[in-house]
Amino acid sequence: MLNPLAKQVDPNMYRYDEFDAQFVGERVEQFAGQVARRLSGELTEDQFKPLRLMNGLYLQLHAYMLRVAVPYGTLSSKQMRKLAHIARTYDKDFGHFTTRTNLQFNWIKLVDVPAILRELADVEMHCIQTSGNCVRNVTADQFAGATDEEIEDPRPLAEIIRQWSSLHPEFAFLARKFKIAVGACEKDRAALQYHDMAVQIVKNTQGRIGYKVMAGGGMGRTPYIAHVMSEFVKRDDILAYLEAVLRVYNQDSRRDNIHKQRIKILINAIGPEEMRKRIEREFNEIKRAGTMQLPQDELDRITAYFTSPKFETGLSDEMPQAGQDFANWVKTNVSKHRAPGYAIATITLKTPGQVPGDATSAQMDVIADLMDQFSVGEVRVTHEQNLVLPHARKKDLPAIFAKLKELDFASPNAGLITDIIACPGLDYCDLANARSIPIAQAIARKFENLDRQHQIGELKIKISGCINACGHHHAGHIGILGVDKKGVEFYQLVLGGSGAEDASIGEIMGPGFGEHDIADAVERVVNVYIAQRKDGERFLDTYRRLGMAPFKDAAYGKVAA
Amino acid sequence: MTKLIKSGAYAQDVYAPVADDAALPDGPVLVSLARFNEDRDTLLARNTTVGIRLQSSENPEQLGADVHHFALIALEFPKFRDGRAFSWARILRTRLGFIGEIRAVGDFLYDQVNYQHRVGFDAWEVSDNFTVEMFQRALTEMTNVYQPSADGKKTIRELRAAR
């Protein structure tokens with residue numbers, strides 16, 4: 001530990017009671033039985049596949065990959081240490097934080113899976129529904145409970161959704177996967193509009209809190225921005241409404257073509273108006289049955305787990321001075337907290353040259369220490385594959401920064417051009433057409449110069465190694481899509497996407513660039529922006545003003561940028 | 001070979017499956033939706049029970065008030081990944097108030113039996129190597145549930161409130 005006096009701190013987050021513990025424990029033994037049946041040959045791989053996927057177990061290029069759920073991205077230090085322990089004991093000493101705020105182990109042996117699941121259950125974690133054609137792990141705004149922008153903490157609702165969707169008997173064999181995200185402010189850090197379904201906590205004109213529900217967003221080979229299904233669902237109706245959306249989807253989705261079975265395809269085939277009508281009808285039927293109403297006392301009970309930590313009062317709200325490096329880091333990686341004297345600190349797992357989202361066991365252990373010492377035992381995982389210390393005292397930030405520097409996680413690049421999202425790509429994934437990680441590394445190295453990064457400002461690069469779009473390339477200000485052309489990897493540029501509150505789908509520029517040219521092409525595109533931007537414009541704003549043409553000309557070398 | 005498990009025990013299947021173009025035999029029959037629509041009045045006028053077998057794309061709501069004429073509704077799983085029948089069973093039980101037999105037929109796995117039970121199935125057409133003991137085990141692997149369904153089982157929320 002950093003400080004021998006630092007004790008493990010239990011943060012205010014959901015804790016299992018005896019029912020949750022029994023549920024997860026039995027689920028572990030159930031899955032252990034399925035693994036045993038597979039190992040004995042009783043189950044064929046075809047029969048085992050949907051069962052293992054429902055428990056987050058993929059068969060990848062080299063080994064099994066196990067995806068651990070991090071519900072709404074919230075982890076305690078105890079859980080972080082357990083993940084480090086599992087990486088050390090059963091994997092190659094590292095884990096990978098994903099764009100769904102989960103953690104993946106890439107080198108797992110099937111026989112070890114039951115033991116790993118038991119270890120996870122010890123710290124109230126599981127792999128339930130982290131893959132498969134079911135409701136996936138629920139994600140939320142990583143600044144939940146810490147930002148003053150939110151109407152209320154979105155995590156209690158996310159936890160209620162987690163419980164409702166866990167082994168839901170009606171929706172365990174949907175047409176395709178179903179991803180839900182929850183947000184609570186206008187600012188969208190959780191890519192709500194790119195989800196199968198998203199809930200935004202809102203206030204209506206009478207000042208009542210309720211839920212705006214969107215559905216039909218998604219990436220993949222046919223990207224769509226979600227449509228609003230209801231502007232305002234009353235609090236106690238929310239599960240009835242979500243159940244209605246799922247039922248309409250389960251009933252009416254195509255089942256004849258795996259590429260056309262997400263809810264986005266259904267909604268865009270029948271039209272959002274017709275979808276709203278079908279949901280409304282189902283919603284009224286469910287309400288009539290009455291069993292899905294969410295009682296206030298249950299909402300209160302869950303909310304109580306997420307009570308704010310006791311923030312110290314009387315702290316100075318001034319940012320400490322600790323040199324230029326620290327000031328740079330504060331500029332990009334530190335955000336406003338709702339309590340005076342506190343800040344939200346983003347740890348980017350994106351040091352130029354490293355694999356985006358990867359952390360070693362040793363790094364996870366030190367982060368756990370930082371959590372205990374400086375952030376009431378808590379960390380958040382973001383969909384941009386970073387970590388967040390949600391409750392740091394400003395006066396502690398220099399010490400935090402110094403520790404992160406030792407870990408090589410102190411890059412002052414949150415939201416900048418080197419804060420790249422990348423899927424595992426062909427280095428790990430058997431769906432991929434091209435590698436993502438080396439491209440992310442090459443671009444990060446090209447723009448390594450900090451002054452230049454800060455001069456460029458907010459610019460989100462997102463890289464996918466195939467059209468499944470796990471690297472969110474459609475939502476990148478600059479997206480990169482790896483394709484395979486006769487055994488050679490090529491990279492297409494996609495410009496103008498956004499996964500934030502101003503969501504948009506990026507536009508494909510044209511033919512791809514070779515592995516060694518793509519970083520240069522990105523640089524030429526960025527140079528057009530630098531030359532053409534007006535006051536205060538982000539890359540995205542300049543692109544939206546100018547359109548594709550000047551960027552395309554420069555990227556293909558038609559004009560000197 | 002297939003056999004029937006009903007109400008937790010092996011059971012005799014009394015229904016004769018009838019092809020769409022075959023003559024109706026005496027005794028209880030199991031027909032498709034197409035056959036039912038074709039011969040509705042004849043089928044209902046017979047003094048025997050009638051079962052209907054619905055494909056996974058056939059929503060039982062379209063049966064309307066006729067739903068209560070059936071003693072058996074067999075819901076088909078064309079492949080185990082097709083989960084539409086989970087919703088059909090749930091709707092039959094909780095919305096349409098169907099109290100007859102709901103039978104799972106086709107391609108489904110041991111691991112789906114508990115989900116089927118929860119949404120309202122009470123009979124299973126199973127392969128020969130599937131035993132009643134396996135069936136009972138499938139229903140008891142998970143003690144408690146988080147969400148209400150058609151089985152009337154108390155949810156974890158209700159159990160918490162009753163503590």
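Residues are numbered from 1 along each chain as its sequence is written, and chains are lettered from A, ligands numbered from 1, in the order in which they are written. In this predicted model, local features need pLDDT of at least 70 and side-chain atom pairs count only at pLDDT 80 or more, while totals for chains, interfaces and linings use all residues.

Trainee: Which element gives the most to the side of chain B that touches chain A?
Mentor: The contact takes 29 residues from chain A and 27 from chain B, where two residues are in contact if their C-beta atoms, placed from the backbone, lie within 7 Å. Helix 2 (84–94), helix 3 (113–119) and helix 5 (156–162) of chain B each give two or more residues to that side. Helices (H or I, at least four residues) and strands (E, at least two) are DSSP runs, numbered from the N terminus. With five residues, the element that gives the most is helix 2 of chain B.

Trainee: How far apart are the C-alpha centres of domain 2 and domain 3 of chain A?
Mentor: Chain A is divided into domain 1 (18–122), domain 2 (154–303), domain 3 (324–407) and domain 4 (421–555), with bounds from an automatic or database domain assignment. Between the C-alpha centres of domain 2 and domain 3 of chain A the distance is 32 Å.

Trainee: Why does A:K486 count as exposed?
Mentor: A:K486 is in the loop between strand 18 (478–485) and strand 19 (488–495) of chain A. A residue is buried if 20 or more other C-beta atoms, placed from the backbone, lie within 10 Å of its own, exposed if 12 or fewer, and partly exposed in between. A:K486 counts as exposed because its C-beta neighbours inside 10 Å number 5.

Trainee: What is the phi of A:E124?
Mentor: A:E124 belongs to the loop between helix 4 (113–122) and strand 6 (139–140) of chain A. Most residues other than glycine have a negative phi. A:E124 is not a glycine, yet its phi is positive, at about 60°.

Trainee: Is A:R545 buried or exposed?
Mentor: A:R545 lies in helix 16 (residues 539–546) of chain A. Its C-alpha is 9.5 Å from that of A:R533, twelve residues apart in sequence. Since A:R545 has 11 C-beta neighbours inside 10 Å, this residue counts as exposed.
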